[in-house]
Amino acid sequence: MYFSYFISDLACRTIFKKISQPLTVLAANAKRIAVGDYTKDAAVPSNTKEVNLLSEVFTLMQTNIQSREQDIIFQARHDILTSLYNRHYVETFLNNKFSEDAPFLALGINIFGFRGVNDIFGYHNGDLCLKELALRLSKFEGVAARLTGGELLWLPESLPTTEFIHSLKSALEAPIDTGGVVINIKVAMGLIYCPKDATTPEEVFKRLNIVLDEAQITRQFVLPFNSELEERYSRRLSIITELKNTLEHAREELSLNYQPKLDLKNGKVTHVEALIRWTNARLGFVSPEDFIAVAEQAGFIESITSWVINKAIDDAARFKEVNIDVSVAINLSAKDIMNPALLPKVLALLKAKNLHAECLSFEITEGDLVRDHDKAVTHLKAFRNEGFEIAIDDFGTGYSSMAYLQNLPVNTLKVDKSFVLKLHQQDGDQKIVKTVISLAHSFDMNVVAEGVENLEALKLLADWGCELAQGYYICKPTTADNLITWFNDNRNTKWL
């Protein structure tokens, strides 16, 4: 009996050992996995079916945890949409680059007018553009990241030449076929040479914003950073802040000036252009050339246009009351033209003042029209059908072409002042202006020449058949009150 008990005890001990030893190893493996060590095989060989099953479960657990952790690490370092590195990871990478104490280039890239791509083609196609741009960029040696929105960063392994940067730009700008539409994109590039231009990741990110912002506004599509850009950027931020406050709380800071347009056939002023002015309590006088571009970028342009239209119609009614028969020209942005609510609003305001469409006209820059030509034509036709005159402003400085002109529902071409200021002295300018006049007349359009500053230019324009002239020689932009006085003083002036 004792011998039988001894054999039974020995068998239990043997079985226990066979089970406990692999369980101990499995426990050790569990601790190793728990601290993120996946270097060893989690499997523990055993003659016991139950232990083998448990070992297989541990192996599967280690594989799954390791896979999930790799996914988490990838997501922590990468942008989900483009699979490029994200801002957080590239910040760490930049810190390491700076510690190497060797010069390198941080090249910022964004799609020019990316908001317009989303608006016109939809956010899905906008995302496809970003993914394709990221794929193209990742084919070049270096580190690529998406910082935010449509902004990418590329850190080449070595300093590239100017020629290479331009070839990179061309490669990135190849048309993108989304499957349903082909999108032509244009990219802006900002160059930050480190450590000359920046010594920390924070400075890199900040100055990339500055230089890309400048590139978008000025259309300098490959632009190195310099300190003057930072000063202008700071001023633009101030303009945004103050303009927002003005539009919300201090609209009395805004005003309209008017500049007459002389009809060269009858010698009378028949049109005036409304020109917005802004004198801010903190910034002083701010040029429209400065704040209009900022307003378009910041999304304030509709509020400004609304104010201008209301004020211009009020003044047009006032001009009519004092027997000044003129058409007031209002400048519109492309975004204004594309706004379907604008025309009904204008018509309602005119009706409320008992005014007709002939009291207003509109000017739009030709470059704005080309961005979405077909849609612009549709909206402009709606304005023309209501009897409004439409002029292309700054003609000759953008995308002029015969095919472009013949489809536009416009009445007038406005010759840019850069061709008129020295018209009496420059043979080249004379040829351009005569050509524009002839071109406009072939399309049954009128011509306005702005920038007329002397009698010689005025006589040349009249001889060539230009319909309207505008400039300091006739009258500088002035307030509505002063315009009324000037108009009455010059009713019988012989201009030619």
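How many residues line the second largest pocket, and which of them lie nearest its centre?

Mentor: The model is predicted, so local features are reported only at pLDDT of at least 70 and side-chain atom pairs only at pLDDT 80 or more, while totals for chains, interfaces and linings use all residues. Residues are numbered from 1 along each chain as its sequence is written, and side-chain values use heavy atoms, without hydrogens or water.

The second largest pocket has a lining of 15 residues, and those nearest its centre are D325, V326, S327, E358 and C359. A pocket here is an open set of points on a 1 Å grid over the protein atoms alone, where a 1.4 Å probe fits, with protein on both sides within 12 Å along at least five of seven lines; lining residues have an atom within 4 Å of a point. The space in this pocket is about 270 Å³, a volume being that filled by probe spheres set on points joined across faces, edges and corners.

Three elements each give at least two residues to this lining: β10 (268-280), α10 (301-321) and β12 (327-332). Helices (H or I, at least four residues) and strands (E, at least two) are DSSP runs numbered from the N terminus. With three residues, α10 provides the largest share. By class, the lining of the second largest pocket holds six nonpolar, five polar and four charged residues; Ala, Val, Leu, Ile, Met, Phe, Trp, Tyr, Cys and Pro count as nonpolar, Asp, Glu, Lys and Arg as charged, and the others, Gly among them, as polar.

Strand β10 also contains N280. N280 counts as buried because its relative accessibility is 4%, the limit being under 20% relative accessible area with a 1.4 Å probe and protein chains only. Beyond its neighbours within four places in sequence, N280 is in contact (heavy atoms within 4.5 Å) with E242, T246 and E253. The side chain of N280 also reaches the backbone nitrogen of R282 at 3.0 Å, a polar contact, that is, a pair of N or O atoms within 3.5 Å, one able to donate a hydrogen and the other to accept it.

In α9 (residues 288-298), the buried residues are F291, V294 and A295. These buried residues line one face of α9, because they fall within an arc of 105° seen down its axis, as given by the directions from the helix axis to the C-beta atoms. At the start of α9, a side-chain oxygen of S287 comes to within 3.1 Å of the backbone nitrogen of E289. G299, which follows α9, has a positive phi, near 85°.

One cavity of 30 Å³ or more is counted, a cavity being a set of points from which the probe cannot get out. The largest cavity holds about 60 Å³ of space. Its lining includes K261, H271, A329 and E389, and β13 (360-365) and β14 (389-395) each supply at least two residues of that lining. In class, the lining of the largest cavity comprises six nonpolar, three polar and three charged residues.

Definitions and conventions:
Buried < 20%, exposed > 50% of the residue type's maximum accessible area, 1.4 Å probe, protein only.
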